[in-house]
Amino acid sequence: MMLRRALLPLAVTALATLWTTPAAAQPKTEITFARFFGACESDYGSSQDLAHARGECGVMTTLVNLFNATNTDNIVVKPQIIEWGPYYQQLNARIAAHDIPTIAVMHTAQLGDYTRYVEELEPVFKEAGIDPADFTPNARAGVTVGGKIYAMPWDTHSWLWHFNVGLFKKAGLLDATGQPLVPKTVDEMLAQAKQMKEKTGKPYIIIATSGPGDFANSARGYYSWLYDQGGSIFPNGFEKADFKTPESLNSFRVFEALAKNDYITKGLDGSGGLGGFLNGVGAIYMTGTWRIDDFLAASAKPDSPLAEGYTTRVFPNLFKSQAVWTDNHSWVLPKGGTTPANRKAALIFLKFMWDHNFDWARGGGHLPARQSLMTEYAKLPLRQYVVDIPTFGRALPHDVRRQFGFQNMIGEEIANIINSGKTADQAADAAQERSVALLRGR
Amino acid sequence: MQTYRRGSSFTDRALFIAVALLAIIWIAPIIWVVGLSFKPNEVLMRTTGGIAAPPFTLKNYTDILASSSVFGWMLNSAIVAIGQTVLTLVIASLAGYGFARTNFLGRNALFVIVLAALAVPEQAIIVPLHTMFAMFDLHNTYVALIVPRVAFPFGVLLMTQYFRAISPEIEEAALLDRASRFKIFWRIVLPLSVPAQVTLGIYTFLHAWNDYFWPLVSATRPEMYTLTIGLASMQTNFAQTEGIGFLMAQAVFAGLPVLILYLFFQRYIVSAVAGGGSK
């Protein structure tokens with residue numbers, strides 16, 4: 001009897017505990033999330049405040065924190081963060097070792113290499129509640145390979161001219177409204193560059209070309225001017241590249257003309273290029289959409305060489321019709337990464353990300369992948385000048401593998417033009433020869 | 001260690017000045033790295049000069065320490081580096097003694113194969129190595145991080161050469177006393193080879209601690225990252241332009257254990273670099 005009395009409160013407590021903590025009984029579903037963008041636990045360790053999240057790392061960390069804290073399905077997203085540079089090498093190794101993440105980030109320029117290894121997503125979107133009709137034209141083109149959608153687009157990033165308005169003013173190159181005059185032809189650009197050099201003594205364009213990590217910079221310029229002419233490095237199919245078409249040679253020659261007259265900086269690395277622009281070393285900085293907020297912040301400081309004004313424009317069309325290099329970050333479901341148990345969780349997380357696409361664009365510095373967000377996006381500072389990029393931006397062709405290999409090779413040849421005095425024709429010849437090796441393993 | 005003395009010849013003085021200049025040139029980038037690691041990233045976006053001028057910050061270091069994983073990565077690096085060092089010493093010593101002191105069929109051919117392995121770059125075998133460990137489902141384990149590195153041809157070569165240089169008469173005396181081969185190795189030869197062991201141990205430890213490529217493709221889960229992979233994963237996409245202070249702090253942080261090791265064992269490291277083990 002005494003024993004029963006003693007045990008009764010224990011039994012009641014145990015029952016009450018079980019009754020009041022049903023969630024503890026529900027198993028957690030874990031999904032792995034392979035990405036670059038860095039880690040920033042010190043600033044965003046447990047933050048769920050998206051309004052104040054800044055930078056790719058900040059927004060991404062906050063999004064995952066928010067999802068883990070608020071989803072009602074007991075889903076836990078475990079980020080697997082990898083350095084940007086060797087990200088794809090590691091992903092390849094993981095696929096080979098069958099250690100496959102549930103969701104992985106992917107540049108759409110790389111997607112053509114991975115269609116065998118990632119799931120086709122169009123049927124999945126319906127299940128997840130994601131409407132592909134809302135993809136921007138550029139985002140849709142980016143994630144579509146051979147008519148099939150293999151990724152959920154996350155943004156568009158592109159190549160811009162960032163202007164030091166003060167130097168443009170000093171050179172007498174502002175229009176009546178105080179905005180920089182954007183050249184419309186190569187001759188116009190070279191005339192502006194000459195005027196800039198004469199009036200300010202400074203180079204017209206700053207570009208980083210000195211290290212392997214910088215080769216993409218000039219390649220993106222090459223692609224943009226090539227696309228302006230309606231050109232392609234694969235004019236006759238993807239079996240053979242042609243770097244000696246008139247369009248390709250014209251693109252190389254723009255860089256040659258800029259370099260020959262010292263209108264473009266030589267031998268700068270990424271850090272030197274960025275520091276150079278912030279210190280007023282040159283008038284225009286060729287870099288991406290993701291730098292707008294950094295330069296706006298710099299221009300707000302009274303002692304900044306950008307204090308007289310900073311603005312940006314789409315990479316100028318010097319030829320026939322406006323086009324520009326673009327790429328996209330996207331999310332893929334690698335084959336073998338999901339199980340029946342965590343598949344639904346992966347789709348719920350993808351939908352969450354889709355619903356927060358604007359937060360990424362606002363804080364991460366890229367254009368949204370959703371057309372429905374463009375009006376809101378255009379209201380952000382200076383974004384009215386870049387908001388149309390998804391309508392005319394051109395991604396690298398998916399049918400060619402090793403796009404990043406091509407990008408680096410082209411950039412290296414342009415770096416040779418700028419830094420070592422190689423001629424445009426020599427660079428085109430070298431690119432032609434090197435493309436054979438790149439395509440050999442298609 | 002020889003020190004510079006007053007009254008040395010002109011050649012000695014010139015040599016001293018040249019060496020001092022070279023040392024300054026060599027150490028300047030390291031001082032620069034340390035200096036940059038105490039500067040705010042926003043300042044370094046504009047210029048990476050003026051490391052001695054304020055502002056200074058500890059944020060780059062606190063950012064590293066704020067990562068909940070960093071001490072786990074450090075522990076992984078320590079386990080891997082110590083594991084590799086111990087196993088390499090065991091294998092290289094045994095193999096080296098075998099090549100130096102025993103006669104067996106195919107010894108020379110086998111030694112040539114070991115030497116040939118010195119010429120095979122790591123990248124050439126990475127795919128089959130990765131596939132093999134994937135087949136046995138060993139990736140993301142300490143075994144995968146340690147084992148591929150313990151067959152270290154340079155270590156075998158170093159120990160072989162060292163054992164060959166030890167007078168065989170000592171062993172012959174022991175053989176006459178009917179000591180077994182292993183006993184001779186364990187009791188007589190191994191203690192004599194301590195300088196070479198230390199040299200090889202330090203070399204292996206440093207190599208293991210700094211290793212990047214193999215851990216990158218084998219340790220793909222953050223909990224199994226070594227310090228090099230973990231610290232690199234923290235970098236943003238534009239680290240080389242906007243996070244230079246953090247990048248430099250990472251380099252200093254990752255290098256500290258190695259620096260401490262160097263302070264304790266510099267005599268052996270110098271001798272290793274100078275000629276492969278003091279005798």
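**Close-up views of a predicted two-chain model**

**View 1. Helices α4(B) and α8 (residues 153-165) of chain B pack at an angle of about 50 degrees, with their axes 7 Å apart.** The model is predicted: local features need pLDDT of at least 70, side-chain atom pairs count only at pLDDT 80 or more, and totals for chains, interfaces and linings use all residues. Residues are numbered from 1 along each chain as its sequence is written, while chains are lettered from A and ligands numbered from 1 in the order in which they are written. Helices (H or I, at least four residues) and strands (E, at least two) are DSSP runs, numbered from the N terminus. Axes are lines fitted to C-alpha atoms, for helices over the stretch in contact, and angles run from 0 to 180 degrees between N-to-C directions. α4(B) and α8(B) are therefore oblique to each other; angles under 35 degrees count as roughly parallel, over 145 as roughly antiparallel, 65 to 115 as roughly perpendicular and the rest as oblique. The crossing of α4(B) past α8(B) is right-handed (left-handed if the near helix is turned anticlockwise from the far one by less than a right angle, right-handed if clockwise). On α4(B), the residues in the contact are B:T88, B:A92, B:S93, B:A95, B:G96, B:Y97, B:F99, B:A100 and B:R101. They meet B:G155, B:V156, B:M159, B:T160, B:Y162, B:F163 and B:R164 of α8(B). Two residues are in contact if their C-beta atoms, placed from the backbone, lie within 7 Å. This contact of α4(B) with α8(B) has nine nonpolar, five polar and two charged residues (Ala, Val, Leu, Ile, Met, Phe, Trp, Tyr, Cys and Pro count as nonpolar, Asp, Glu, Lys and Arg as charged, and the others, Gly among them, as polar).

**View 2. Helix α4 (residues 70-101) of chain B also packs with helix α7 (residues 142-150) of chain B, at an angle of about 35 degrees and with the axes 9 Å apart.** α4(B) and α7(B) form a right-handed crossing. From α4(B), the contact draws on B:I79, B:V80, B:G83, B:Q84, B:L87, B:T88 and B:I91. α7(B) contributes B:Y142, B:L145, B:I146, B:R149 and B:V150. Eight of the residues in the contact of α4(B) with α7(B) are nonpolar, three polar and one charged.

**View 3. In chain A, helix α11 (residues 215-228) and helix α12 (residues 246-260) pack at an angle of about 130 degrees, with their axes 9 Å apart.** α11(A) and α12(A) are therefore oblique to each other, and their crossing is right-handed. A:S218, A:Y222, A:W225 and A:L226 of α11(A) meet A:E247, A:S248, A:S251, A:V254 and A:F255 of α12(A). Five nonpolar, three polar and one charged residues make up the contact of α11(A) with α12(A).

**View 4. An open five-stranded sheet of chain A has the order β2-β1-β3-β12-β6 and mixed pairing.** Two strands pair if DSSP finds at least two bridges between them. The edge strands, β2 and β6 (152-153) of chain A, each pair on one side only. Strand β1 (residues 29-35) of chain A is joined to β2(A) by seven bridges, and the two run parallel. A:R35 faces its opposite residue, A:I81, in β2(A). Across β1 and β2 of chain A lies α4(A), which runs at about 155 degrees to β2(A).

**View 5. Between the two chains, 31 residues of chain A are in contact with 28 residues of chain B.** On the chain A side, α3 (41-44), α4 (55-70), β2 (75-81), α5 (87-96) and α13 (270-278) each supply at least two residues. This side of chain A has 13 nonpolar, 13 polar and five charged residues.

**View 6. Chain A is assigned domain 1 (21-153 + 329-368) and domain 2 (158-326 + 394-440).** These bounds come from an automatic or database domain assignment. The C-alpha centres of domain 1 and domain 2 of chain A lie 31 Å apart. In chain A, 13 residues of domain 1 are in contact with 13 residues of domain 2. On the domain 1 side, α6 (108-111) and α8 (137-143) of chain A are the elements that give two or more residues. α6(A) provides the largest share, four residues.

**View 7. The peptide bond from B:P54 to B:P55 is cis, with omega near 5 degrees.** B:P55 is found in the loop between α2 (41-46) and α3 (59-66) of chain B.
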